[in-house]
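Here is a briefing for a reader who is meeting this structure for the first time. Please look over the sequence and the structure before reading on.

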Amino acid sequence: MTAPAPIGTDPAAAALDRAVQGERLDHAGIEALYSLPLPDVAAAAHHLRLARRDPDTVTFLIDRNINYTNICNVGCNFCAFYRTARQKDSYTLDYEQISHKIRELEAVGGTRILLQGGVNPALGLDYYTGLLRHVKANHPTIRIDAFSPEEVLFMEKTFGHTLDDLLTILIEAGLDGLPGAGGEILEDDVRAKAAPARIRSEDWFRIIDAAQRRGLYTIATMVIGFGETYAQRTSHLLKIREQQDRANREYGGNGFSGFAMWTLQTEHTRLHGKAPGATAHEYLQQLAIARIALDNIPNIQASWPAQGFKVAQSALYYGANDLGSTMLEENVVSAAGGHGRHNATVRELVRIAVDAGFEPAIRNSRFQIIERPDVTAILGRDDANPEGDRAVGAS
Ligand code: SF4
């Protein structure tokens, strides 16, 4: 694909031109992109997406989110998921309840669980290590990506191990990856207002850095809509890019496998009516700017749980090359609003990719393709019936 034509000589347009030519933008160059018309930024982002990943393919993962406890003592203002131990609907899952959920995932061909929870002070280290061992012993084909930096920080402070020793203990028990949840905006001014007790950016990067050094899977995350400035969003992206450079340089390329971003959901939270949130336009703008700025992270995810299927599908032309995962259940974003869906079927994600003009592929959590689904069989379309069951009510 040829690069979009130069669109002008003002500094922002010039920065966009330079990015399209493959130049890395600095803080001023990235921040300037927010002033440009969205179609121009989108065209550049899509051009770079086609250059950085297989231009024909959109990937997704078959997995399940399992939130092992909703008891949490961090109390983020933007969280509608957590409970105190005294609340009637607080819970901590036992190993058999978790196994039951994994069996449902295995039945639909899933390959990994995203295992995360609140910071529950009643849990000892043996709960976590026992859980990892239980899953490995009973579900040997399931990959375990577990615990956000917030949970790891709690374990580090509570159980008397150094971070490296703690990671060794968790890895030996079965941990495969340490997802990058809790990134939000990695600027402490923003974090202090949204969640005073939340993990600070320095600790988030310290834990992610240690995980990457140990060869664990991680992804970078971003949430917009707290009222953060464009300069703060830019700083967030640059910190992630710097960490990725470090991982590429020092950890044999074991940096972030991908980048996922979504918009703040505030239903049932203390931030409702206080934080501005972000519109679909802002989401697509931020996604496109992330694609342009993060020249060392090839996989950019569209977020259907927060944005809905239709905006997520549009995001495939704003820099995204991946639809995230089926999830089977999602409890954290959906507790604060989301789009009313806690899961996606394989058929839905296949249709979103195909109707947008891409070939769907099922991947693992490292973004390696493990299967090309049979689109004809899944969508019921063939030469005689090219529209398949594109009928009222078809999903
Ligand atoms: S976002 Fe996580 S750390 Fe914050 S209150 Fe919710 S469960 Fe706890």
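This is a predicted model: local features need pLDDT of at least 70, side-chain atom pairs count only at pLDDT 80 or more; totals for chains, interfaces and linings use all residues.

Which residues does the UniProt annotation "binding site" cover? According to the unreviewed entry, the annotation covers Ser 148, Ser 303 and Ser 325, although UniProt annotations may be inferred rather than shown by experiment. Residues are numbered from 1 along each chain as its sequence is written.

**Annotated residues**
- Ser 148 lies in the loop between strand E4 (143-146) and helix H6 (149-159), where helices (H or I, at least four residues) and strands (E, at least two) are DSSP runs numbered from the N terminus.
- Ser 148 counts as buried because it has 23 C-beta neighbours inside 10 Å, the cut-off for buried being 20 or more other C-beta atoms within 10 Å of its own, with C-beta atoms placed from the backbone.
- Ser 325 is found in strand E8 (residues 322-325), and with 28 C-beta neighbours inside 10 Å Ser 325 also counts as buried.
- Leaving aside neighbours within four places in sequence, Ser 325 is in contact (C-beta atoms, placed from the backbone, within 7 Å) with Phe 60, Leu 61, Ile 62 and Asp 63.

**Whole chain**
- The protein chain has 15 helices and ten strands.
- Of the 395 residues of the protein chain, 48% count as buried.

**Confidence**
- The protein chain averages a pLDDT of 92, and 92% of the residues score at least 70.

Methods: pLDDT is the predictor's confidence in each residue, from 0 to 100. A residue is buried if 20 or more other C-beta atoms lie within 10 Å of its own, exposed if 12 or fewer, and partly exposed in between; C-beta atoms are placed from the backbone. Two residues are in contact if their C-beta atoms, placed from the backbone, lie within 7 Å.
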